[in-house]
Amino acid sequence: MFVFNGIVYASERNEDIQIIEAKPLDDMMMILTFSTGEKRLFDATVLTGSAFEPLTDADTFKQCTVTDGIVTWMDGEIDCAPEYMYEHSYPYPDMKYAI
């Protein structure tokens, strides 16, 4: 367990994984770029519960920012641990190599 920005997380903190960039897409999907250099596709519909309910509004969802390596919404009122996002995302190939 660890505390970050006043929030208690149940898992162990992995100092190596941070989010560098978050690009929101339609249908609560995002392309995340991690500090490892990997791009991964994250389906934010796995974020359930009343805390994440505002994200079902497309405009709110698309207003995400990356703060200290963590994706946040609504000026930091909602966030998601980068480790969780990494574990629940899928490799996303860089399209420049597909051509």
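Good morning. Among contacts (heavy atoms within 4.5 Å) in the protein chain between residues at least 6 apart in sequence, 44% join residues at least 24 apart.

Let me state the basis. This is a predicted model, in which local features need pLDDT of at least 70, side-chain atom pairs count only at pLDDT 80 or more, and totals for chains, interfaces and linings use all residues. Residues are numbered from 1 along each chain as its sequence is written, and side-chain values use heavy atoms, with hydrogens and water left out.

The protein chain has two helices and nine strands; these are DSSP runs, with helices being H or I of at least four residues and strands being E of at least two, numbered from the N terminus. In order from the N terminus, the elements run β-β-β-β-β-α-β-β-β-α-β. Of the 99 residues, 32% count as buried, that is, under 20% relative accessible area with a 1.4 Å probe, protein chains only.

I now turn to one residue. Arg 40 is in strand β5, which spans residues 39–43. Is Arg 40 buried or exposed? Arg 40 counts as buried because its relative accessibility is 10%.

Definitions and conventions. Buried < 20%, exposed > 50% of the residue type's maximum accessible area, 1.4 Å probe, protein only.
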